[in-house]
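Please find below a note for a reader who is meeting this structure for the first time. The numbered points may be read beside the sequence and the three-dimensional view.

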Amino acid sequence: MTDVPTLPPFAAIIVAGGQGLRAGQPVPKQFARWRGKPVLRHSVERLAAAGASHIVIAIPEGAEELAAEAVGDNAAVHFVTGGVTRQQSVFRALDALKEQGPAHVLIHDAARPIVPVAVVSRLLAALAENAGAIPVLPVVDSLAVAGENVMVGSADRKSLRRVQTPQAFRYADILAAHEAWDDRSAAGDDAQVLRAHDGTIALVQGDEALHKLTFAEDFMNDAPSVRTGMGYDVHRLSDGEELWLCGIKIDHPRGLAGHSDADVGLHAVTDAILGAVGKGDIGQHFPPSDLQWAGASSDRFLAHAAKLAAETGYTVGNIDLTLICEEPKIGPHRDAMQARVAAILHVAADRISVKATTTERLGFTGRAEGIAAQAVATLVLAA
Ligand code: MG
C-alpha cells in the first residue's frame, strides 16, 4: 500500500458538457463505458477518494438522467447545466459552489478518467504560494508551425508544455477571474482565464495516466479488467512411458502417452489461459500432427500461452487445477507442482492451486486407464 497523503480540503468541478462526437460512441463520450464503467464515474470516484468535499458536474442540457446513471449513487455530487462554451459551464459550476465557499477548487475534464492522487497532492501544495496550479508534461517531439499544408516555421519545444487537467485554483481568485472574463471569447482552459486576470499559475508535474480519451480507438482498446478461461484434457496411462504431471517427473510404473510429454496438468492450464484471452486451444498452436512437438516438454506450451496473454494485456491472477486419477497419489507432489507451474508463469506460488480427486473407481480414470485434468484460469488486465 502506498500512503495516501493528507490533502488540504477542496471542492471539484468536472466539465462534462461536450457532445464528444469524435469518439464514435452512441452517447457523448463522458457517459460511454470505458474499462468497465462510464468514463465520468472514474474521475468522480478518484476525486472523491482524494477527498473532494463537493463535486459539481456541468452536463449538457437534457442529460440529467444519463449523467445520474453514469455517476451512480454519490452524495457529494450535484449537477449543473453547462453553458454554450466551456468557460460558461465552469462559471455556472463555480457559482453553484458559492454557498460552500471552498478555499480550493479543482477543475477537471471528464474525458480524463484516471486522476492520480499524487497529481492532486502536488497541485494543492502549489496553491500555498500561487493562485493557480496546473499539471504539465514536456513536449518530446519537435514542433512545426503549419500553414496551408506546408511548414511555415518552428517552435522551441523546450519552452513549451502540454497542459492537462485537473487544474487547481484558490476559489476566490478563479471565481473573480471568471466574473471578469469577456463572455464572448472562448477560453481553452481555466488557467487562461486566471492568467487574463493576472493570477500566477504554478506548473507541476503531470502524469501520462491523465491522457484524454479522444478517438474511437481509445474505446475500442477498452478491455474487461478480469477474464476467465477453462481447460480440460485427458491422456492414457501406458507401460513404458515417463510420467510427467504439472511439469514434475513422477516415479511411477506407468506414464502418460500422447502428444508431447502428455502432461495433462499443463495442457489443461494452457487451454484455460488460451481460453481466457480467446486465443484458440493448444492443438491449434501446437498441432499433434507436427512432429517437432513429439515428446516435447509441455513447459513451452504453457509459457507460450502466458506470452500470448501478456501480449493481449493480461497477466495470470490465479489458476485452479484439478487432477482426476486413482494413481499416482498427488499429495506428496502438490507443493512441487504448484511451484513448477508458478515458475513457468512467473507468478507467486500462492496464485496456483493444484487439487486432486478420484472418481470412486468409476469410469476410465477410476480404472486407472488414464488421467484427466481440468483447470480454471483467471487473468487480470495488466496495470
Ligand atoms: Mg493433452
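The points below proceed from the basis of the model to its domains, helices, contacts and backbone features.

1. Basis of the note. The model is predicted: local features need pLDDT of at least 70 and side-chain atom pairs count only at pLDDT 80 or more, while totals for chains, interfaces and linings use all residues. Residues are numbered from 1 along each chain as its sequence is written, and side-chain values use heavy atoms, with hydrogens and water left out.

2. Domains. The protein chain is divided into domain 1 (10-219) and domain 2 (226-381), with bounds that come from an automatic or database domain assignment. The C-alpha centres of domain 1 and domain 2 are 50 Å apart.

3. Helix 1. Helices are DSSP runs of H or I with at least four residues, and strands are runs of E with at least two, numbered from the N terminus. Helix 1 covers residues 39-50, 12 residues in total, and its first and last C-alpha atoms are 18 Å apart, close to the 16 Å expected at 1.5 Å a residue; the expected span is 1.5 Å times one less than the number of residues. Its buried residues are V39, L40, H42, S43, V44, L47 and A50. Here buried means under 20% relative accessible area, exposed means over 50%, and partly exposed lies in between (1.4 Å probe, protein chains only). After helix 1 comes G51, with a positive phi near 115 degrees.

4. Salt bridges. A salt bridge is a side-chain nitrogen of Lys or Arg within 4 Å of a carboxyl oxygen of Asp or Glu. By this rule there are 11 salt bridges. One of them pairs K98 with D95 at 3.1 Å, N to O; K98 is partly exposed at 43% relative accessibility, and D95 is partly exposed at 41%.

5. Two pairs across the sequence. D299 and R340 form a salt bridge at 2.2 Å, N to O. This pair links distant parts of the chain, since D299 belongs to helix 10 (residues 299-312) and R340 to helix 11 (residues 334-345), 41 residues apart. D299 is buried, with a relative accessible area of 18%, whereas R340 is partly exposed at 28%. A further salt bridge joins D320 and K355 at 2.9 Å, N to O. D320 lies in strand 17 (residues 314-324) and K355 in strand 18 (residues 352-357), so the pair ties together parts that are 35 residues apart in sequence. Salt bridges that share partners also join R86, D109 and D190 into one network.

6. Magnesium site. Which protein residues are the donors of the magnesium ion? They are D233 (OD), H235 (NE2) and H267 (ND1), lying 2.2 Å from the ion. Donors are N, O and S atoms within 2.8 Å of the metal (3.2 Å for Na, K and Ca); water is not among the atoms, so sites may look incomplete. The donor residues are spaced D-x1-H-x31-H in sequence. D233 and H235 are both buried.

7. Nonpolar surface patch. M230, Y232, V234, F364 and V376 form a nonpolar patch on the surface, with about 440 Å² of accessible area together. Patches are made of residues with over 30% relative accessible area and no salt bridge: like charges are joined within 9 Å, and nonpolar side chains (Val, Leu, Ile, Met, Phe, Trp, Tyr) within 5 Å. Strand 13 (residues 226-239) gives the most to the patch, with 3 residues. Y232 is located in strand 13 and is partly exposed at 43% relative accessibility.

8. Cis peptide bonds. The peptide bond from T165 to P166 is cis, with omega near 10 degrees; P166 lies in the loop between strand 10 (161-163) and strand 11 (167-170). E327 and P328 are also joined by a cis peptide bond, with omega about -5 degrees, and P328 lies in the loop between strand 17 and helix 11.

9. Positive phi outside glycine. D198 is not a glycine, yet its phi is positive, about 70 degrees. D198 sits in the loop between helix 6 (190-195) and strand 12 (201-205). Is D198 buried or exposed? At 72% relative accessibility, D198 counts as exposed. A262, also not a glycine, has a positive phi of about 60 degrees and lies in the loop between strand 16 (254-257) and helix 8 (264-276). A262 is buried, with a relative accessible area of 0%.

Methods
Accessible areas come from the Shrake-Rupley method with a 1.4 Å probe; for residues, only the protein chains shown count as cover.
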